[in-house]
Amino acid sequence: MRSKKMLSITIAAVLSLSMLVSGCGGNGNNNTGANTPNNGEGKGQSNSADSPKETVELKAYFPGDKPSGFEDVLKAVNEKLKADNVGASLNINFLPWSDYGNSVSVKMSAGEEFDMYLDAPWLSMSQMIASGSIIPLDDMVASRKELKESIPDQMWDANKFGGKIMGIPLGTVQGTLYGFVIRKDLREKYGMPELKTVADVEKFLYTVKEKETTIKPFVIDGRKADKLPALFNDTLNTGKVSYIETLVPMFYYSLENKKVVGAWDAKTLDQSFERATKYYEDGILSKNIAQEQNAQTLFNQGKYAATYYAADGVEGLKYLDALKIDGAELEVVVPHDETSKPYSNYQQWNFLTIPKASKHAELVMDVANWLSVKENHDLLEYGVEGKDWESVGDSSYKQLSAYVFPGFVLTWRPTLERTPDNMLAGDKEWVEKAGAADFFNLSPITGFSFDAEQVKTEYAKTTPFFDSVFLPLSQGVLPADKGKEMLKDKILGVGGQKVIDEIQKQIDAVVAK
């Protein structure tokens, strides 16, 4: 589920893959003559006053299709790398998603020399670390100012493996913020003030149900219904929760007694499950919610008054076609209490990594540092300015061509990203807030990543109940009391307590550090 989520974010402009730069960090890899730690510190200005460096070609493997117009952009990137005397050029190769992980593993096993690739916890990163196939980057990161400063300290600290930086974390947001995209014209039609709380949204949805004959209240794809327990809860986007997600689906951590429990015992969720039951019975949630797969299309056709929103830079852009409806206006509603910061573990799912076999680790890191200068970052991520895009202020851009680089493989930097100029004003506001590390409080279980090896049999038996019980419970299809009891019986009946105990053990170890 989590890998698919990140993949969809990326493809929609919302999945996060990470590329881990693996380098030895020792002088033995500095045979390229590009071992100056701060290449690119001149904000992209040329180092031509130095002796021209020999250009070393760095070979990279990334997943997906080659972007339209990529050859021209890559040529421009390599010309600027030369002009800035970095001592490197890029040879970027794209491999099909369907076989990407296996293809990279085979290349590494066969001893093929390449210098960087995308890896992730949901790909083969854990195995690559365990086998020593990729290298730690701590010393090389510390000596590269632009790279280090383009990623918040919280993000660096939270994305270490065994206490080491095993890859450059690639992401655009620092935490999760959920909300709603609604029809502003309908809200104003009903004389309702701006919506601020989940209760306000609920009133809006019931007003639509009462007054509209051709527009229904709310739509969400059935596969995204696991977001509903967070979405329809008064603690949404606040720190006023008594239980937080462990990132192991259906299991939560109590902030009060520090215990791991199943969703059936996570009291924060009781309100959510009860609301889902009521909304389903009252027709606020569609009777077809479990099978719904076309929420975006239906909202854009004007058949619904509200839908799901996430401040990830992607979700809000999906609904702009609704503006083509005569008289339609949209606005983003993100309930939030300014006195209570939401929790985040700052975890990213995409990393730039360097194989141990690379002879050019320091130079790879020089390029990563160079790409952490705004004009260089913009060149690869958005293309040639004036041809592929044009600047709209300091933080937005207008796309002029079909060039779209998958930034999640190499260029994503939270402090450098631009937003499309056609983004809804509210969407831009909340995406920028989600990208600010200080907007969130550090989760007390930051650093926890579940290793199911000791309970792999029991854990495998619990996972089917996510689709068969937890989702229907979240959708309101299963009434709250019945659904919680069923989820408890199913999970505990296949050894789920052992899973809970193992999660508890691992979280306790993280918290104790």
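**Exercise 1. Determine which residues of helix α3 are buried, and where on the helix they lie.**

Solution. Step 1: in helix α3 (residues 100-109), the buried residues are Y100, S103, V104, K107 and M108. Buried means under 20% relative accessible area, exposed over 50%, and partly exposed in between, with a 1.4 Å probe and protein chains only. Helices (H or I, at least four residues) and strands (E, at least two) are DSSP runs, numbered from the N terminus.

Step 1: viewed down the axis of α3, the buried residues fall within an arc of 130°, so they line one face of the helix. The arc is that of the directions from the helix axis to the C-beta atoms.

Step 2: the cover over these residues includes β1 (56-63), β2 (88-95), β3 (116-119) and α4 (125-130).

Two remarks on the source apply throughout. This is a predicted model, in which local features need pLDDT of at least 70 and side-chain atom pairs count only at pLDDT 80 or more, while totals for chains, interfaces and linings use all residues. Residues are numbered from 1 along each chain as its sequence is written, and side-chain values use heavy atoms, with hydrogens and water left out.

**Exercise 2. State which strands pair with β5, and in which sense.**

Solution. Step 1: strand β5 (residues 178-183) is mostly covered, six of its six residues being buried.

Step 1: five bridges join β5 to strand β10 (residues 304-310) in the antiparallel sense; here V181 has T307 as its bridge partner. Two strands pair if DSSP finds at least two bridges between them.

Step 2: β5 also pairs with strand β11 (residues 330-333), antiparallel over four bridges, and F180 has V333 as its partner in β11.

**Exercise 3. Describe the interface of domain 1 and domain 2.**

Solution. Step 1: domain 1 covers 56-173 + 347-437 and domain 2 covers 177-237 + 266-345; these bounds come from an automatic or database domain assignment.

Step 1: the two domains bury about 1,200 Å² between them, 68% of it on carbon and sulfur atoms. Buried area is the accessible area (1.4 Å probe) that two parts lose on being put together, summed over both.

Step 2: in domain 1, L424, D427 and W430 lose the most area to domain 2, together 52% of what that side buries.

Technical notes: Contact = heavy atoms within 4.5 Å.
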